[in-house]
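Let's walk through this model together, with the sequence and the 3D view side by side.

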Amino acid sequence: MAWQTVGVDFARLVRARRMTRRFRADAAVPESVVADLLELAGRAPSAGFSQGWEYVVLRSPAERETFWATAGPDQPDSRTGWLAGVRRAPVLVLVLADEDAYRRGCGGADKGGIPPAEQDWPVPYWLTDTAMGALIVLLGATEAGLGSLFFGVPGPRHAAVKDAFGVPAGLDLIGVIALGEEERRVGGSASTRPRRPVSDYVHWGGFGVAPAGPEAGLSENAGQTGSAAES
Ligand SMILES: Cc1cc2nc3c(=O)[nH]c(=O)nc-3n(C[C@H](O)[C@H](O)[C@H](O)COP(=O)(O)O)c2cc1C
């Protein structure tokens, strides 16, 4: 299928995006590039158009040092060098989700006016919506020729990180996006574990049901091509 309807080779972009864990310290990312990526993140879909995401950009050495002092492991991992490689990223973006924005939105007249105490969300959509925005940033960074990494902050550190940057306590820190030029590609789980074939995770008409007919072969081939191309 041709994906170029809006001028982007979407399949190429998706396959090209990989997590970066070794950044170049000497290559800055212009503020305008970060601003553009985050403007695109605002195009993410959101339940009830709640748009309950917040992004805190950390660019100065002092800001980044504060982040690592608050969030980072106490000891560098000498086995993988993860901390040293990621610490060099010139930009860190805290990715935050605002549950209250959803509960307030649902309480609005246009959404039925259901009080927060009576709202029964089957899925925490503030998290899913913010994650969709994060993926836009990762893909946009790839398109801009930048490396990027989405990584989590250990749970016991969340309060301190939020406090250090004035983030309201009620917001969820779903992760951090590091941005910068990639020094070199290293490891990660995807280098030691195979990507699941499409036939393993796509079910047709019911769980565990494989597609019938000639398209079955095509789907399987597409998955294999992707795995081979990125390894
Ligand atoms: C929610 C989430 C949390 C992640 N946390 C980390 C992390 O803390 N450290 C890290 O190095 N990679 C982290 N990753 C990156 C995954 O390891 C990576 O996406 C996976 O191995 C597949 O590799 P790829 O993204 O390069 O295709 C995270 C990814 C997601 C989606």
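**Around the ligand**

Surrounding the ligand are Arg18, Met19, Arg21, Phe150, Phe151, Gly152, Gly175, Gly188, Ser189 and Ala190, where a residue is near a molecule if its C-beta atom, placed from the backbone, lies within 6 Å of it. By class, this shell holds four nonpolar, four polar and two charged residues; Ala, Val, Leu, Ile, Met, Phe, Trp, Tyr, Cys and Pro count as nonpolar, Asp, Glu, Lys and Arg as charged, and the others, Gly among them, as polar.

The model is predicted: local features need pLDDT of at least 70, side-chain atom pairs count only at pLDDT 80 or more, and totals for chains, interfaces and linings use all residues. Residues are numbered from 1 along each chain as its sequence is written.

Now find helix α6, residues 125–143. Helices (H or I, at least four residues) and strands (E, at least two) are DSSP runs, numbered from the N terminus. Buried residues of α6 include Trp126, Asp129, Gly133 and Val137 (buried means 20 or more other C-beta atoms within 10 Å of a residue's own, exposed 12 or fewer, partly exposed in between, with C-beta atoms placed from the backbone).

Phenylalanine 49 has a positive phi of about 55° without being a glycine, and it counts as exposed because it has 11 C-beta neighbours inside 10 Å.

Conventions:
The expected span of a helix is 1.5 Å times one less than its number of residues.
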